[in-house]
Amino acid sequence: MTEPAATPAPEAALSDTEVLEQFAQRDYKEGFYTDVESDSAPPGLSEETIAFISKKKQEPAWLLEWRLKAYHTWLKMEDPTQRPAPEQWAMVHYPKIDYQAISYFSAPKKVSLDSLDQVDPEILATYNKLGIPLEEQKMLSGVAVDAVFDSVSVATTFKDKLAEVGIIFGSFSDAVKQHPELVRKYLGSVVPTGDNYYAALNSAVFTDGSFVYIPEGVRCPMELSTYFRINAANTGQFERTLIVADKGSYVSYLEGCTAPMRDENQLHAAVVELVALEDAKIKYSTIQNWYPGNKEGVGGIYNFVTKRGACRGDRSKISWTQVETGSAITWKYPSCILQGDDSVGEFYSVAVTSGRQQADTGTKMIHLGRNTKSTVISKGISAMNGQNVYRGAVQMQKRATGSRNFTQCDSMLIGDQCGAHTFPYITVRNPSSTVEHEASTSKIGEDQIFYCNQRGLSTEDAVSMIVNGFCKEVLKELPMEFAVEATKLLGISLEGSVG
Amino acid sequence: MLKITNLHATVEGTEILKGINLEVAPGEIHAIMGPNGSGKSTLAQVLAGHDAFTVTEGTVRYENEDLLDMAPEDRARKGVFLAFQYPVEIPGVNSAYFLRTGLNEVRKARGEEEIDAYDFLALIRAKMALVEMDESFLKRSVNEGFSGGEKKRHEVLQMAVLEPRLAILDETDSGLDIDALRVVANGVNQLHTPQNSAIVVTHYQRLLEYIVPDYVHVLMGGRIVRSGGKELALQLEDRGYDWIREETAAAAATTQPAGA
């Protein structure tokens, strides 16, 4: 019997590597631009620019002074890109930013906070397209939304319903007019104007963002969220969010963000301050999906953000959850200052970098009060040429006796051109505190994929399942509606089918 | 059902399989034995479609189709199951969810309806009883933190759920104590039907006391050098492999033309 000729090795439709790359290189569906008539400041940064913004927003004199003070502080600060690498806090690389080439204010002309009828239909269409309808009857019933378009808030839903229980939720600019005493009391109290280069810049030129106040003893009846959209070109977005939870109150807040695809980098330098008084709890979730640039690293958002929460009161709690999939560069460390005794800080993070994305993210848990507790769970996924850094500071100060921290940071590598790095900074100044740090790095193994294949799963489904398993601990912290969005964004389907 | 003809395979340029011929009819159990490094696991992996191995020559027909032309997941969906020698851990992925996803892929390929979570729970509970696994397993991640024995039982459980036409067990008995061995064997025997076949790769004869093979093959140096009934396994137990090695060498010297 003659043997048949040699059979070539079977060729699968796509190699594992190709599937992994496709997985990492999803299309950016939010990258469209909306043509709206807008009112923009000419590029450039000066005292006049700041006065222009302040005037546009009809701000009181104290706020203009506050901005100008921040501006002068910023002018004296050193640009972090000009510092020698070892002295830089973050491990990210980008050219010096020309702050005179940026426009610091851009607002669509047709906006009214009183009625959606007066909002430019193009803007409503934009939010519809993003899956965030602003007409209340179409919305998710349990979620109130503040929609920020470039430099202004264009609409806030369920505002009246929330006002019935005394909750203030709306644009920051509006809060300055309606509740100046609250804004003045808390603004800059968690992130001082001179905290860092980008926080100082934000304090000088911030435009809009959300303001939330939950009165004593009130449990906010729905999820509050802000959807940030950068639309105009050559514009920076400098939003400012302030959330105050009074004694014994509770709020869950979520922010989402997207931007058009452009070849130029755009700067997004936000400041978020949270204040939790006695027994108050704030849960703050972020799904960050700014345009990441193309796979060669052209374009994308520079996301340089300072987020910090103060657990001022005893037994208060602040919990940060973030899913970071976008931006060319992410630089942010949502942190907790645990001042009150028995207060609790949490940080749950999934950060994905693919293409040429860089992320330097993590948290700072500053324990000041007694018996304070913090938990940090960080999951970094790097694919293609992505670089992912976890950077976390845990400090147990002298008075923080009996305090505990647990940190776990896991990194997953997809392919062999990416990187994962972990930098923990741990300071313990009292003898009765406990700090635990666990870290692991794994690679999506061909053996894992083959094992799944052998049970009938396609490679795409296998990768989804493996990544989903890796992020599970963090994703379960997200409010239900957003967990679905986050899993979609990660290219993962909870049902295990190809999306 | 399965016909392997002159199968040659290499890994990183080194030839491991050097012309395997094997035919498995429906309902048959074949045991493949042989010393370490003889190519037993390679054969199992090649049949399942692991891409670390390159087939350089030969054919494999499975149910009248070209098995080598199919992606690994298609082989699985068409009823080829490999019980891994070293089952892989997948942290964070729930075992029951993993298995239900696999089962639904297989069911879709068979033209059956997908099974919902409720029916699946009933099914898996019945199958778990078969391999004496306890309920807590359902909440655990795939193979994560499993003991060696648990991993092997888990393989047999997956096999019981997927009900393959052709099950390939790659040293499922290694590292098992006698009780676990009995459980694993029991699971395999219960699945055995006049239609379903199995290839049992093993190092030791003791598994074959529980799983009675129709044929025993000795794999050595990348070839099947001897085939026989179950008594061959007993002979190997008594005498080791050396006598076969010697006889094979002698036979080769007399029958092979020079320069081949």
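Across the interface of chain B and chain A, 12 residue pairs are in polar contact, both residues being at pLDDT 80 or more; such a contact is a pair of N or O atoms within 3.5 Å, where within protein one must be able to donate a hydrogen and the other to accept it, and residues adjacent in sequence count only if both atoms are side-chain atoms. This is a predicted model, in which local features need pLDDT of at least 70, side-chain atom pairs count only at pLDDT 80 or more, and totals for chains, interfaces and linings use all residues. Residues are numbered from 1 along each chain as its sequence is written, chains are lettered from A in the order in which they are written, and side-chain values use heavy atoms, with hydrogens and water left out.

There is also 1 salt bridge between the two chains, a term for a side-chain nitrogen of Lys or Arg within 4 Å of a carboxyl oxygen of Asp or Glu. The partners are R455(A) and E155(B), whose closest N and O atoms sit 2.6 Å apart.

As for who takes part, chain B brings 43 residues and chain A 32, counting contact as heavy atoms within 4.5 Å. On the chain B side, these split into 18 nonpolar, 16 polar and 9 charged; Ala, Val, Leu, Ile, Met, Phe, Trp, Tyr, Cys and Pro count as nonpolar, Asp, Glu, Lys and Arg as charged, and the others, Gly among them, as polar.

Together the chains bury about 3,000 Å², 60% of it from carbon and sulfur atoms; this is the accessible area (1.4 Å probe) lost on being put together, summed over both. V88(B), Y97(B) and F98(B) supply 16% of what chain B buries against chain A, more than any other three residues.

Terms used:
Buried area is the accessible area (1.4 Å probe) that two parts lose on being put together, summed over both.
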